[in-house]
Amino acid sequence: MFARCQTCLSQQCKYKNQGACCGTQLHTPRRSVLREKQKRVRLFPSVKQNATLATQFRTMETATATPGPPELVLPKDEPGAGNGVTPGGTTITTSTPLTGSNKKPPQKRKKPAASPQPSPSTKPKQDSEPAAADGSTTNGEQVRPVPEGSSQAEPAPVVKKQKKKHTEEGKQTTSTTPPGKKQKGATGKHVRFHIKLYSASKQPTAATTAGIAKKKKAKQQQAVPGVVPEQQHKQQNGATGAEPKKKASKKGRPAKVNGGAVGLPPTSVVTPLKRASQIKQEPKTPSRAAHSTIVGGTSSSTTTPTTASPAGTALHELDSVTIGRQTFAWLIGPTISVDEFMRTHWERKPLLVQRNDRAYYAGLLSRAMIDEMLRTNNIEYTKNIDITSYRDGQRETHNPDGRVLPPDLWHFYDAGCSVRMLNPQTYLRSVYELNVKLQEYFHCMTGANFYLTPPGSQGFAPHYDDIEAFVLQIEGRKRWRLYGPRQPQEVLARVSSENLRQDELAGPPIVDVVLEAGDLLYFPRGCIHQAATVPGAHSLHITVSVYQRNCWADLFEQMLPIALATAADTEPQLREGLPLDLHQHFGIVHSDGISADRRRLIVRIRAMFDKLFSDAAIDAAVDQLAKRFQHDALPPLVDFGEWDDTVYGGGNYEFRPDGTVRCARPIDDRSSVRLLRRNILRLVSEEEKLRIYYHTDNSREYHQYEANFLELDHETALGVELLIKMYPRYVLVSSLPVEDRLEFIRSLWEKGLIVCRRPGEDARADTSASTP
C-alpha cells in the first residue's frame, strides 16, 4: 500500500512523498472529500491544543463514578483562554470556538483513579487516540463536542479509537495545521484492544451470599487508586464480553481450570511462537489407573487422571515416550489398552469408544475458547480457517480475505456453514499440550483440526485421508458413516482422495454411528468417511492425526537413492555397461515374452539389486526420516518441575546494583545433565559432516522456520551419543568423552536441549525409567 500523498492525501498517488500531487482526474475531484475525511480522524486540529485538551480529557476520564455522560466543550481561540473543570472532574467548558492560534504549555498527565480498564502495561496513551464519529464513547464515557463558530469551521472532532495505519507520524495533516509541522496527536503507540493471556473459563457456580460478598470486596479493592493486581494481564475471567464490569472484578483472581475430569489442562495460554516452549505450568498427564471403570455398560464417575510413575520418581523425570504412551492411553481408554489397540485395531479396522461421559474431552476445546482465540490472535481465512458447506452433493468453500473475527465467523455458522481450523495447536494451549506429548510416543508429526458444524448440516463431501484419524467429540452430536475401500490401493492410502460422490461409495457403510460428547472414533488411512450433524444438535469435534508419510514406502524412498549411490561406489559390477540386446527383451512390447535371454537377464538384475541393501543405507534412511521429524515437530513443553533446571528458568542470572550481570548457577564438572526429551535431537551424517537437528527453536506454526541444526566434530559427537543412550538418566559433566566438556554442555544448554542439575541440588533421577 502506498503512503498518503501530502497534497491529495490519496494512498495511491505515485508522487506520494514528492510534495506534489499527480493531478489526474482520479484524484483531483476527490481532494475535498479526502481532506474532509482527514479532518474527522484527528483528535484536535491544532498541535498546541492537543496537549491541553488531551490532558483535560484524561482528567475527565478519571471520573467514572459520576452518573451520566460528561460534556466536553472545546476551548476558545484566544491565547490564554480558560479551560475549567468542575469539582466533579467531568465537564470542561469555554465559550468561543477552537482555532489553530491557541498556544498553551502541555500539562503533566494525571494518573487516573480506580478504573476497570486494562492494566497500565497495555493501556494506550490518551494523547495518541484519534477521533471517532459523533456520539462515540471512550472508556464508557460519551464525548459530545460543540461545533466551532469560526469561518474555517470543520467537522467537530470527537474521540475515537483508531487503527495504527491512520495515524502514522508525518504522513497526515489537516487544513488548520500550519505547513511543515507535525501533529503531536499522531505519535505514540495505539492499542486497539487489550489482549489477555487466558485460561479456560471456570464452571458456573451457584450465586451464594458468600460469593456475592467476595465480589463486592474485590470491587472495593479495585476502587483504590493505583492498585493493580500483579498478575492482572495473565488471567482470564471466562466471560465473552457481555458483562465487562464482572470481568474487571475477576482480574486479580488466580487462574482456575475447569473440567476436572479431563486429563489435560484446558488452559489456552497463547505463548509467543519463538518462545513456545517456555510454558511455566505443571501439566497433568493421564494414566490408565485413574480412568473410570465400566459398570453395566456405562461409565462411572470420572476422576482427574494423573501420571502413574514409579515410587519416588517425579513426573518430569520420566521418559518422555512413557508420558506420551500414558497420554495416548487416556485418549483411547478406558475400555481398551494401548497394547490391545495396537494389536487389533491399528491400521486394521475402526474403533468406537462410547463413554457416556460428556465432560471427558471438555477441557480441550469449547465455543467460548474459539471466540476468545479469534479476538486475541490474528487468525486468517484459508491459512488457518475454512468456511465450508455441502449441499445437493456439492462442497463449497466460502472463505473471504483477511482476518477472522467473531462476528463474521458466527454469521457464517448461523447461516449453516461448517468451520474448520487447520492448526488449533498453534493458538490453544490444551490442544498443543496433547499433540506435543503424543508426538513423543508416535515419533512423527502429530496434527489436529477442529470442526464446528451447526445443527442439521454437513460441511464436507465423502473422502478418505492419508492419516490415522482419532475423532474426539467435544460438544453436541454427529453421525459418522465409514465405508470400505473400493480398490486395493486405497487400503492405507498414501495420498488423500478428492471429494467423492454418493454413487461412488462402495456399498452400505461398515460403521454408522452417532457420536455423543466424550466419545471417540478411530479409523485408519484410506477409510472413506462422511459426517453430518443430526437435527436439533450442533457438533464440535477435534481430529487428531498421526503417521502421515510414515510407512515402509517412505523409508525406501529415502533409502534407495542412498543405497544406490553407496553400492555404485563399492560394486564394480553395477558400473558395467548394459547388454547390447537389452532393448530387444524388455519394454512394453516385450513384456509378455518368456524367452531364455529375458529370464537370464531378470536373474542377473535381481542379483545386482540385492547388493543395494546394506545396514549403512538403512541407518542413513532412518536418520533422514528422523531429521524430517525434527523440522515437523512442535517445540517441547517444559514441565514445571524441570523449568528452573533449563535455560528457560528465571534464576540463572543475578542482576547486581552496579549494573553487571552474573551467572548465578554456573555449570561445572560436578554438574549432571540429561537431554530434555528422548526425541529432542537427532545426530545425522550428511554432506561429509556431522550435524544434530533439533526442534526447540521450532514454532507452533507448521514450518514457519527452516530446520535447525548444529555442526559437530567426531569427538563432540561421542558426547551427544552418550547423552542419547543414557536418557532419561543424568550424566556427570566430568564423565563426558569430550575434551572441552564445559563449552560443549553450554552450547547444548543455550539451545534448550538439556536439563542441568548443579552441585548441591537434588539430582536424583530414576535410572530405571523406560518405556513400558
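Among contacts between residues at least 6 apart in the chain's sequence, 74% join residues at least 24 apart. This is a predicted model. The chain has 772 residues, and buried ones make up 47% of them. It contains 14 helices and 24 strands.

Start with a sheet. Strands β20, β21 and β22 form an open sheet, in that order, with antiparallel pairing. β20 (681–686) and β22 (708–712) stand at the edges. Each has a single partner strand, so one side of each is left without a neighbour in the sheet. From one strand to the next, the twist averages 30°.

Look now at the pairing of β20 with β21. Arginine 682 stands opposite tyrosine 693, which is in β21.

Two helices lie across these strands. Helix α12, residues 615–632, lies across β20 and β21. It runs at about 130° to β20. Helix α13, residues 714–726, lies across β20, β21 and β22. Its angle to β22 is about 125°.

Next comes the surface. Which residues make a nonpolar patch of about 520 Å²? They are Trp552, Phe556, Leu560, Phe609 and Phe613. Helix α10 (residues 552–570) gives the most to this patch, with 3 residues. Tryptophan 552 lies in helix α10. Is tryptophan 552 buried or exposed? Its relative accessible area is 63%. Exposed means over 50%, so tryptophan 552 counts as exposed.

Finally, turn to a loop. Leucine 492 sits between β12 (468–483) and β13 (511–516), in the loop that links them. Its relative accessibility is 28%. Buried means under 20% and exposed means over 50%, so leucine 492 counts as partly exposed. Which residues does leucine 492 touch, leaving out those up to four places away in sequence? They are Glu347, Glu468, Pro524 and Arg525. Tyrosine 464 is 28 residues from leucine 492 in sequence. In space, the C-alpha atoms of leucine 492 and tyrosine 464 are 9.8 Å apart.

How values were computed:
Residues are numbered from 1 along each chain as its sequence is written. This is a predicted model: local features need pLDDT of at least 70, side-chain atom pairs count only at pLDDT 80 or more; totals for chains, interfaces and linings use all residues. Side-chain values use heavy atoms; hydrogens and water are left out. Patches are made of residues with over 30% relative accessible area and no salt bridge: like charges are joined within 9 Å, nonpolar side chains (Val, Leu, Ile, Met, Phe, Trp, Tyr) within 5 Å. Accessible areas come from the Shrake-Rupley method with a 1.4 Å probe; for residues, only the protein chains shown count as cover. A salt bridge is a side-chain nitrogen of Lys or Arg within 4 Å of a carboxyl oxygen of Asp or Glu. Helices (H or I, at least four residues) and strands (E, at least two) are DSSP runs, numbered from the N terminus. Buried means under 20% relative accessible area, exposed over 50%, partly exposed in between (1.4 Å probe, protein chains only). Two strands pair if DSSP finds at least two bridges between them. Axes are lines fitted to C-alpha atoms, for helices over the stretch in contact, and angles run from 0 to 180 degrees between N-to-C directions. Contact means heavy atoms within 4.5 Å.
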